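This report describes a single protein chain from its computed geometry. It takes up the backbone, the helix, the core and the charged contacts in turn.

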Amino acid sequence: MRQRNRAICFRWPALDHLAPLRLRGPRGGIVVDGTRVVADPRIHLVGYGPSASTVGANRAGRAAVRELRALLAATAPA
């Protein structure tokens, strides 16, 4: 079973361009599960928090791509 880590830690102004998407919670942070934004599973924040290191971003990027491919496959018209 995969362990899920949730964190509210993204309050940086560098994410202000995402404001129209209304991803921030009532406390001002963006809740993530791994790199996936809980409020919108189509969005992954790779390169922030635990995935900020070179090694972490590489692993997180691969995991994000796998999740996004599965999401797209599940929502693709037949």
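## Report on the predicted model

At 74% relative accessibility, Arg 22 counts as exposed. The model is a predicted one, and Arg 22 lies in the loop that runs between strand E1 (6-8) and strand E2 (31-33). The backbone at Arg 22 has a positive phi of about 55 degrees, although the residue is not a glycine. Most residues other than glycine have a negative phi.

**Overall organisation**

The chain contains one helix and four strands. Read along the sequence, these elements follow the pattern β-β-β-β-α. Of the 78 residues of the chain, 24% count as buried. The chain exposes about 5,700 Å², and carbon and sulfur atoms supply 58% of that area. Among contacts between residues at least 6 apart in sequence, 35% join residues at least 24 apart.

**Helix H1**

Helix H1 covers residues 54-75, which makes 22 residues. At 1.5 Å a residue H1 should span 32 Å, and its end C-alpha atoms are 31 Å apart, which agrees. Three residues of H1 are buried, namely Gly 56, Ala 60 and Ala 64. Seen down the axis of H1, the buried residues fall within an arc of 50 degrees, so they line one face of the helix. An α-helix has 3.6 residues a turn, so residues three or four places apart point the same way. On the other side of H1, the exposed residues are Thr 54, Arg 59, Arg 66, Arg 69, Leu 72 and Ala 73.

What covers the buried residues of H1 includes strand E4 (40-44). Val 46 is found in the loop between E4 and H1. Leaving aside neighbours within four places in sequence, Val 46 is in contact with Thr 35, Ser 51, Ala 57, Ala 60, Gly 61 and Ala 64. Val 46 and Ala 64 are 18 residues apart in sequence, yet their C-alpha atoms are 7.7 Å apart in space. Val 46 itself counts as partly exposed, at 34% relative accessibility.

**Nonpolar core**

Which residues make up the largest nonpolar core? This core has eight residues in all: Leu 15, Leu 18, Leu 23, Ile 30, Val 32, Val 37, Ile 43 and Leu 45. Ile 43 touches Leu 21, Leu 23, Thr 35, Arg 36 and Val 37, not counting residues up to four places away in sequence. Among these contacts of Ile 43, Leu 23 and Val 37 are also members of the core.

**Salt bridges**

The count of salt bridges comes to four.

| Salt bridge | N to O distance |
|---|---|
| Asp 16 and Arg 24 | 3.6 Å |
| Arg 36 and Asp 33 | 2.9 Å |
| Arg 36 and Glu 67 | 3.7 Å |

How are Asp 33, Arg 36 and Glu 67 linked? These residues are joined in a network of salt bridges, with Arg 36 bonded to Asp 33 and to Glu 67.

Glu 67 counts as partly exposed, at 23% relative accessibility.

The pair of Asp 16 and Arg 24 meets through the side chains. Asp 16 is partly exposed, with a relative accessible area of 47%. Arg 24 is likewise partly exposed, at 32% relative accessibility.

Technical notes
Residues numbered from 1 in each chain as written. Predicted model: local features only at pLDDT ≥ 70, side-chain atom pairs only at ≥ 80, totals over all residues. Heavy atoms only, no water. Helix = DSSP H or I, 4+ residues; strand = E, 2+ residues; numbered from the N terminus. Expected span 1.5 Å × (residues − 1). Buried < 20%, exposed > 50% of the residue type's maximum accessible area, 1.4 Å probe, protein only. Arc of directions from axis to C-beta. Contact = heavy atoms within 4.5 Å. Core = buried A, V, L, I, M, F, W, Y, C linked by side-chain atoms within 4.5 Å. Areas by Shrake-Rupley, 256 points an atom, 1.4 Å probe, with all protein chains shown as cover.
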